[in-house]
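I would ask you to keep the sequence and the structure in view while I speak.

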Amino acid sequence: MHKLLEKAHQTWKKDGMKALALRTAEYAKYKLNRRKIKQAGFCRSFVDVLFINGCDSSVPHPARYRVSHQMEQLVANNIISDEVYYLNLLPEMVKYSHVFIFFRCPYTEVVGKFIKAAHALHKTVLFDIDDLVVDTKYTDSIPYVQALSPEEKQVYDDGVNRMGKTLRMCDAAITTTQRLAAELGHYVPEVFINRNTASEQMYALSEAAWKNNSRSDREFRIGYFSGSITHNADFKRILPAICRFMQAYEDVRLYIVGELDLPKELEVFAGRIVALPFMDWKELPEKIASMDINLAPLEAGIFNEAKSENKWVEAALVKVVTIADNVGAFQTMISQDETGILCDTADEWYDALCRMHDHPKERERIAVQAYKYVKKHCISIYTGNALARYIQKKKKPCAVFILPSTEISGGIMVALKHAAFLYKSGFSVTILADQPSQKWMECDKIRFPVVAWNQDPVFASFDKAIATMWTTTLFTETHPKITDRYYLVQNFETDFYEPECPLRIQANQSYRLGQSTKYITISRWCQRWLLEDYGQEAAYAPNGIDLDSLYPVHRDFKSKRIRILIEGDCAVDYKNVDESFRITNQLDKSKYEIWYMSYNAQPKAWYQYDQFFCRVPYQEVGDIYRQCHILLKSSILESFSYPPLEMMATGGYVVALQNGGNAEYLVDEYNCLLYEQENEQSAIRAIQRIVEDESLRAKLAEGSAKTAQKRDWQMVKSSILGLYDLV
């Protein structure tokens, strides 16, 4: 509350009471919307692009062109997008898209934090704008703005300045015209022009409008579809020509649609003027189609030159000729006397009106030419390819790791380490998990967003998708928008299940996936059986360890009791934890202390131990190793066995069974002592040898240190990136 009051005080001092009232209302609306969303239950689809719309529903026209129509352009080119009103924007939405496009969005604290969070995740943030409302140096030139009271202008300027602040935080901008692009280039490093286009619905309504137009009157209708009151000055430019034209031709009727103050000069023609209120856009095609001429005056000036050619497009779609001022987008898009008529002076306006009145065939020719051009070049479904290609160019490379769980285990940590290497190579990385227990996962101080793919539909595309267990291959095999598919094999998962369990067959099927899947592994043992038993050539990169957190400490073997660590989930048969306890239960408890560390399962009743550790955060595991003298590890099946390597890195000693997962680095009498399975006495003798033989300890310590050094993550980084074709 104190922070809110302080911010309110600062806003009042800097921007005045009106700005404070506006932002207070904005904040209240945000909090109300946020509460409603949370009460309803937040669930979004994962899409390629999220549009954040900064326009209130009371001003629907800009958002329709710049959000709805661009979404249509993208989906027509297989890029899926979604939209949210900026006051409904929630921080967690940063997870659900690769690219964020802020349209006319004023800066708020939520917006600022969201953009920073997106950048931290290597996601692309773009700003879309269709008017020069990003700096008061532009808006100060608008007559409407100049007529505002000081208090009203203060509030207006506050919105403009906040719009500019959001713009400057973005990676690039998308806009409608060349002049806008030139000016926006002063605020962002790159600007892409995607001109306004008509939607499929506009096209359909326009087709119906001109086909159904059955006027029988003898009126010559000229129409001005003003839109907003800011166009008063534009209409005044052509007022002399309009008055002169209406005086010369009795059959002329002027239709004014939208917000326009009727000039006094036209009062004499009041009986021939039809003023209609601002109407729904779906009604416009029929109304425009009933005109003979569409008027598009535009006062010269940098602000107006940045405006788009919407009026011309809308009229061309219903085969109505546009007469426009020879400035800005009209000048760029209209081909003189081919797809419209451009004028520089009031006299030229008058001449053009007379010519179109007197030569209906010429009027029809230009109207048809404009229709043909616009139908091909100005409709969303035909014009979205360039926008789609630009979005793809600006999107950072993205990868998704599909995990069976977010519960930390050795295999999960390996996957996260790979994710960290991809992130450090510039990738945006997302974690997909089935019913995740956490919203974010962390590795190397990098936070990865977690998405529940069984709850939130995934429509986005990915450059690289990595399955990490047989259950996760369902996503990589069925999701259609993946460039490179990988299966990170870390164990022979068929043997995870009892005979006749149907999951054995399903697990086994994952070793015969389609040819588009690239098999990768962290174990020579896995690489070998994948080739020999399934004909799969798997790329290999060794696992590593973090020597910074697993630093060594000297073990004192003169202490009263030697501490032995047993590690493994006793509920999993192949971890063979029972054998470890059968061994340690025979030891003299006055000389030996037993610690047990398990991630999931609780100790069995017959286990004899002094301390039990469950679900220890990975960053704290090294501390437990350092407090123990010897690790006793009796697993009989591992793809890669981390605990012995981690124990050696911390300066401890290892007694273990040999298995495929530790055979790569455990060498008997060099860095560990190995014993034979079910030979409990050989394990006890190995423990006693380490305790009693100082020279043996020195030898094993030297071998352990060398082994650990070779496994530093930085030493194997290049090999891991090679798995993903990044070196």
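Predicted model: local features only at pLDDT ≥ 70, side-chain atom pairs only at ≥ 80, totals over all residues.

**Overall form and interior**

Let me turn to the overall form. The chain contains 27 helices and 26 strands. Its radius of gyration is 36 Å, whereas the globule rule gives 27 Å for 727 residues, so the chain is more spread out than a compact globule. Along the principal axes, the C-alpha atoms fill a box of roughly 115 × 60 × 40 Å. The accessible surface is about 31700 Å², and carbon and sulfur atoms account for 50% of that surface.

How much of the chain is buried? Of the 727 residues, 56% count as buried. As for contacts with a separation of 6 or more, 68% are between residues 24 or more positions apart.

The largest nonpolar core has 59 residues, and Phe401, Phe448 and Tyr724 have the most contacts inside it. Helix 18, residues 410–424, supplies the largest share of this core, with 10 residues. Apart from this core lies another, of 38 residues, including Val84, Phe114, Ile129 and Leu167.

Which residues does Tyr724 touch, if we do not count those up to four places away in sequence? They are Phe401, His418, Leu422, Lys464, Ile466, Tyr486 and Ile520.

All of helix 24, residues 642–649, is accounted for: eight of its eight residues are buried, so the helix is largely enclosed by the rest of the structure. The buried residues of helix 24 include Pro643, Pro644 and Glu646. Just after this helix, Gly651 takes a positive phi of about 95 degrees.

Helix 22, residues 577–584, is mostly covered, with six of its eight residues buried. Among these buried residues are Val577, Glu579 and Phe581. What lies over the buried residues of helix 22? The cover includes strand 21 (562–567), strand 22 (592–598), strand 24 (630–633), strand 25 (653–657), strand 26 (673–675) and helix 25 (680–692).

Phe640 sits in the loop between strand 24 and helix 24. Is Phe640 buried or exposed? Its relative accessibility is 7%, and since the cut-off for buried is under 20%, Phe640 counts as buried. Leaving aside neighbours within four places in sequence, Phe640 is in contact with Gln490, Ile522, Asn543, Leu645, Gly661, Tyr665 and Arg711.

Finally, I draw your attention to two loop residues. Lys445 lies between strand 15 (440–443) and strand 16 (446–452). Phi of Lys445 is near 65 degrees, a positive value in a residue other than glycine. With a relative accessible area of 79%, Lys445 is exposed.

Glu678 is found in the loop between strand 26 and helix 25. Although Glu678 is not a glycine, it has a positive phi of about 70 degrees. Its relative accessible area is 63%, and Glu678 is therefore exposed.

Thank you for your attention.

Methods. Residues numbered from 1 in each chain as written. Heavy atoms only, no water. Helix = DSSP H or I, 4+ residues; strand = E, 2+ residues; numbered from the N terminus. Rg over C-alpha atoms; globule rule 2.2 N^0.38 Å. Buried < 20%, exposed > 50% of the residue type's maximum accessible area, 1.4 Å probe, protein only. Contact = heavy atoms within 4.5 Å. Areas by Shrake-Rupley, 256 points an atom, 1.4 Å probe, with all protein chains shown as cover. Core = buried A, V, L, I, M, F, W, Y, C linked by side-chain atoms within 4.5 Å.
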